[in-house]
Amino acid sequence: MRYSRQNKIIELINTYDVDTQEKLAALLRENGYEVTQATISRDIKDLQLVKTLTGSGKYKYALNTSKDMPVSERFIKIFRETITSFTAAGNLIVVKTLSGCAGAAGEAIDNSGLPHIVGSIAGDNTLMLVADSERSIPEILQEFQNMLNLRGRE
């Protein structure tokens, strides 16, 4: 449930100008998630959300895109705990996730700094990644496997 909720948070802040925890909680409730203020606070911290200035001069929550900030261990954990399988075809990689978690897994990959990934498109439980070339696929798949192999060491 946590990963599904955090995926929904990412979707909501990308869709709406969410400026307070209360507004975020209300939007989550409208989407079927019963949340408390403490849960919202933890999710904001876990997702490393920041407040950014909008064009209208107001602040809103957004994903931190700073390259100076280290990759969140939380994103890596989301990737490891939601991926069920992955396979490649040409320069594309299809990643299967738990239901409702493809967006969070895609965000994890997008924020991981992995080289050779040009972009991603997420559905509910499927994520498609585009690599810069077919030659890069083995390196990317090995990195995914390395991340998944950490599962048993925590």
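Q: What should I know about the model before I start?
A: The model is predicted: local features need pLDDT of at least 70, side-chain atom pairs count only at pLDDT 80 or more, and totals for chains, interfaces and linings use all residues. Residues are numbered from 1 along each chain as its sequence is written, and side-chain values use heavy atoms, with hydrogens and water left out.

Q: How many aromatic pairs does a search of the whole structure find?
A: Rings of Phe, Tyr and Trp (its six-membered ring) pair if their centres lie within 6.5 Å; planes under 30 degrees apart are stacked, over 60 edge-to-face, the rest tilted. The search finds 1 pair.

Q: Which elements does the pair link?
A: Helices (H or I, at least four residues) and strands (E, at least two) are DSSP runs, numbered from the N terminus. Phe-86 is in strand β3 (residues 83-89) and Phe-144 in helix α6 (residues 137-149), 58 residues apart.

Q: Which strands pair with β4?
A: Two strands pair if DSSP finds at least two bridges between them. β3 and β4 are antiparallel over 6 bridges. Thr-87 stands opposite Val-94 in β4. β4 and strand β6 (residues 126-131) are also antiparallel, over 5 bridges. There, Ile-93 has Leu-129 in β6 as its bridge partner.

Q: What lies between β3 and β4?
A: The two strands form a hairpin with 2 residues between them. Gly-90 in the turn has a positive phi of about 65 degrees.
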